[in-house]
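Dear colleague,

I am handing over the structure that follows, together with notes on what was found in it. Please read the notes with the structure open beside them.

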Amino acid sequence: MAIFLGWLVSLITLLLAHPAQWPAPAILLAVAGRTFLQTGLFILGHDAMHRILVPGRPALNDGLGRLALVLYAGLPYGPCRRQHLRHHRSPGSLRDPDFRFASGDGALRWYVRFMGNYLSWKQLALLLITWITAAALLLELDPQRAMNVVAFWVLPLVLSSFQLFLFGTYLPHRSQGSGPLPAGSHAVRSLGYSHLLSLLACYHFGYHWEHHAYPAVPWFRLPELRRRVSLDHGPGNSSRRLEPAR
């Protein structure tokens, strides 16, 4: 609820603000904070896809997940959930919607394909209509405030999409070499970040082997899981057998 409320309150507050009067560091901090909250919405939607946002209450779980994805980028919950569970069942394979065999480790082409699997032209049109409407309303209040839509709504979404792709897909799933992954390789690895850096980077999604191996563990318990797994088995690596997503 803190993420939901933080996203909404910060959006309204910053849309009505006068950032032209702020020092540059304050504007950058506001954009960074909005980006972090924007990413948080997707993380909530992601945990809802695994039915761990509100365990034992599937209707409420899916309802909050649907709300999180709509606020994030107008994304449809059902299709996103089906795509994501396919990714968990077959990571690094031709059946994986998040993987990019055709371009190897080419980050830009991989990112474009990744976004295309989740953001359709219909959702993009809906976003543009929403942003233009908000900008037009602010324009009536104060012409300077219309640019707040770009600075504190559009830009954080774009940055968030890069953040999710970089720390949740590209770095954990890219192959070590220059060519495609060897047959049967899941290519799921964790990033060795500290607890705080892992949180700031992408809500601990860098602990990606742990997430794939134990998809029923929510994002905020991944550091604890990583410590426990490291003590029991040593650092996670891509050669271990992964459990299917639930």
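In what follows, a residue is called buried when its relative accessible area is under 20%, exposed when it is over 50%, and partly exposed in between, with a 1.4 Å probe and protein chains only. Please keep in mind that this is a predicted model, in which local features need pLDDT of at least 70 and side-chain atom pairs count only at pLDDT 80 or more, while totals for chains, interfaces and linings use all residues. Residues are numbered from 1 along each chain as its sequence is written, and side-chain values use heavy atoms, with hydrogens and water left out.

I begin with the salt bridges, for which a side-chain nitrogen of Lys or Arg must lie within 4 Å of a carboxyl oxygen of Asp or Glu; the whole structure holds 3 of them. In one of these, Asp62 and Arg51 meet through their side chains at 2.9 Å, N to O. Because Asp62 belongs to helix H3 (residues 58–73) and Arg51 to the loop between helix H2 (24–49) and H3, this pair ties together parts that are 11 residues apart in sequence; helices here are DSSP runs of H or I with at least four residues, numbered from the N terminus. Asp62 is buried at a relative accessible area of 13%, whereas Arg51 is partly exposed at 36%.

Another salt bridge joins Arg226 and Glu210, whose closest N and O atoms are 3.1 Å apart. Arg226 lies in helix H10 (residues 222–233) and Glu210 in helix H9 (residues 208–213), so the pair ties together parts that are 16 residues apart in sequence. Glu210 is buried, with 0% relative accessibility.

There is also a salt bridge between Arg228 and Glu224, with the closest N and O atoms 3.9 Å apart, and both residues lie in helix H10, 4 residues apart, or about one turn of the helix. Arg228 is partly exposed, at 43% relative accessible area, and Glu224 is partly exposed at 43% relative accessibility.

As for disulfides, meaning a pair of cysteine sulfur atoms within 2.5 Å, the count is 0. Among the cysteines, Cys80 is buried at a relative accessible area of 2%, and Cys202 is buried at 0%.

With kind regards

How values were computed. Helices (H or I, at least four residues) and strands (E, at least two) are DSSP runs, numbered from the N terminus.
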